[in-house]
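My notes follow in the order I checked things.

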Amino acid sequence: MASHEPALAAPYTEPTADAVVTRGQEAYARLDARGYHYGPAFQGLRTVHQDGKTLHAEISLDGDRTDQEAFALHPALLDAALHPLALAAAADDGDSLVVPYSWRGVRLHASGATSARVRLTRAPARVRTHSV
């Protein structure tokens, strides 16, 4: 009988040495200029490395947060995991805004994280998250 569960993600791998790096403040300035307005509490993107269609990102919660224990995975951290996709879409030609928001096949293996490394692969009609 076939399982409808998605396969487990491959382990996180480091970006290549020639990946294009964008720092968090620069990323949010670019996003703001394109119409994406993230308040300080939701600016968790620290670095993005673009390696072809693959995006590697380091994300973390603001160090002043006191509510992370209220969540198995803090919503601001989960939201920041998708910001590299908005950044990549903002760099593409076109006037539309892309708001990535959909998750599928997510498994929580630990709770209380305040930071994470994320690898996303851009595809024409969809995006797959390989590991968070």
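What percentage of the 132 residues of the chain count as buried? I find 32%. I note here that the model is predicted.

**Layout.** I counted three helices and five strands in the chain. Reading from the N terminus, I get the order β-α-β-β-α-α-β-β. I then took the contacts between residues at least 6 apart in sequence, and 65% of these join residues at least 24 apart.

**Helix 1.** I looked up which residues are buried in helix 1, which spans residues 24–33, and noted Gly24, Ala27, Tyr28 and Leu31. They lie on the same side of helix 1, because the arc they cover around the axis is only 95°. On the face turned away from that buried side I found the exposed residues Gln25 and Ala33. I next asked what the buried residues of helix 1 pack against. My list has strand 1 (20–23), strand 2 (45–51) and helix 3 (83–91). Just after helix 1, I noted a positive phi of about 105° at glycine 35.

**Threonine 22.** I placed threonine 22 in strand 1.

**Helix 3.** I checked the cover of helix 3 and found eight of its nine residues buried. I wrote these down as His83, Pro84, Leu85, Ala86, Leu87, Ala88, Ala89 and Ala90.

**Helix 1 against helix 3.** Two packed helices are described by the angle between their axes and the distance between the axes, so I looked up both values. For helix 1 and helix 3 the packing angle is about 55°, and the axes are 10 Å apart. That angle makes helix 1 oblique to helix 3. I recorded the crossing of the two helices as left-handed.

Which residues meet in this contact? From helix 1 I listed Ala27, Tyr28, Arg30 and Leu31, and from helix 3 His83, Ala86, Leu87 and Ala90. By class, I sorted the residues of this contact into six nonpolar, one polar and one charged.

Terms used: Residues numbered from 1 in each chain as written. Predicted model: local features only at pLDDT ≥ 70, side-chain atom pairs only at ≥ 80, totals over all residues. Heavy atoms only, no water. Buried < 20%, exposed > 50% of the residue type's maximum accessible area, 1.4 Å probe, protein only. Helix = DSSP H or I, 4+ residues; strand = E, 2+ residues; numbered from the N terminus. Arc of directions from axis to C-beta. Contact = heavy atoms within 4.5 Å. Axes fitted to C-alpha atoms, helices over the stretch in contact; angles between N-to-C directions. Parallel < 35°, antiparallel > 145°, perpendicular 65-115°, else oblique. Left-handed = near helix turned anticlockwise from the far one by under 90°. Nonpolar A, V, L, I, M, F, W, Y, C, P; charged D, E, K, R; others polar.
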